[in-house]
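Please read the points below beside the coordinates.

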Amino acid sequence: MILNILKYPDPFLKTKATPVDKVDDGIRKLIDDMVETMYVAKGIGLASVQVGVDKRVIVLDVPGEEENERVKGKNLVALVNPEIVSAEGETVYEEGCLSVPGFTADVERASRLKVRALDRDGKPVEIKAGGLFAIALQHEIDHIDGILFIDRLSRLKREMIKRKLKKALEAEERAL
Ligand code: QAP
Ligand code: CO
């Protein structure tokens, strides 16, 4: 089932989501729906808060280094209750977000990290990440803490993007 993706400035995007206490069939259905929604929207990551669900679940499908050898679904990861246990280094990447459509901005993040989580069977997993995968993990974990990439920009840049987004939204409403 394809889910509706909430767009900024929807106040639900500020939700600090609740941990999942049991990975059951309901959570697995949520994961499947989120994956389907992410692919339809042509995203590389999606968090439960973006589809209006107050649970700590993220899905990612970040292209590998060897683009040519990539098989669809090969890089698919679904994590429940993800936690960053260590982070090091610094990197800057021009990020976008399905909840902030049409906008990108440079965001500074850690370049390498270790994440602990539960997989779709409720089994504990530990992931070591670098490159774009590490950036995407931090972006999605931010979402389940109610943080958008625009919240990590300088005040000036953030206000500029917010103003443009509001204008685009008003133009959309006028067209209806
Ligand atoms: C998060 O972002 C991310 O504006 C995933 O018009 C971002 O999938 C991880 C998208 C950067 C790592 C680096 C955005 C699609 C998709 C748009 C996305 C748009 C269409 C964003
Ligand atoms: Co996002």
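1. Conventions. This is a predicted model: local features need pLDDT of at least 70, side-chain atom pairs count only at pLDDT 80 or more, and totals for chains, interfaces and linings use all residues. Residues are numbered from 1 along each chain as its sequence is written, chains are lettered from A and ligands numbered from 1 in the order in which they are written, and side-chain values use heavy atoms, with hydrogens and water left out.

2. His-139 and His-143 are four residues apart in helix α2, so about one helical turn separates them. Helices (H or I, at least four residues) and strands (E, at least two) are DSSP runs, numbered from the N terminus. Both His-139 and His-143 are buried. The cut-offs are: buried under 20% relative accessible area, exposed over 50%, partly exposed in between (1.4 Å probe, protein chains only).

3. The largest pocket has a volume of about 350 Å³. Its lining counts 18 residues, and Ile-44, Glu-95, Gly-96, Cys-97 and His-139 lie nearest its centre. β4 (91–95) and α2 are the elements that give two or more residues to the lining. α2 gives the most, with six residues. By class, the lining has seven nonpolar, seven polar and four charged residues.

4. Pocket method. On a 1 Å grid over the protein atoms alone, a pocket is an open set of points with protein on both sides within 12 Å along at least five of seven lines; a cavity is a set where a 1.4 Å probe fits but cannot get out, and lining residues have an atom within 4 Å of a point. Grid points are joined across faces, edges and corners, and a volume is the space filled by probe spheres set on the points. For the classes, Ala, Val, Leu, Ile, Met, Phe, Trp, Tyr, Cys and Pro count as nonpolar, Asp, Glu, Lys and Arg as charged, and the others, Gly among them, as polar.

5. Ile-44. This residue lies in the loop between α1 (25–40) and β1 (45–47). Ile-44 is partly exposed, at 35% relative accessible area. Leaving aside neighbours within four places in sequence, its contacts (heavy atoms within 4.5 Å) include Met-38, Val-59, Leu-60 and Leu-132. Ile-44 and Ala-136 are 92 residues apart in sequence, yet 7.9 Å apart in space, C-alpha to C-alpha.

6. Cores. A nonpolar core is a set of buried Ala, Val, Leu, Ile, Met, Phe, Trp, Tyr and Cys residues joined through side-chain atoms within 4.5 Å. The largest one has 18 residues; Ile-58, Leu-60, Leu-79, Val-115, Leu-137 and Ile-144 have the most contacts inside it. β2 (57–61), β3 (76–88), β6 (112–118), β7 (124–129) and α2 (131–143) each give two or more residues to this core. α2 gives the most, with four residues. Apart from this core lies another, of 17 residues, among them Ile-5, Val-35, Val-59 and Ala-78.

7. Backbone. Most residues other than glycine have a negative phi, and most peptide bonds are trans. A cis peptide bond joins Tyr-8 and Pro-9, with omega about 10°. Lys-42 has a positive phi, near 60°, and lies in the loop between α1 and β1. Lys-42 is exposed, at 74% relative accessibility. Asn-81 also has a positive phi, near 50°, but lies in strand β3. Asn-81 is buried, at 17% relative accessibility.
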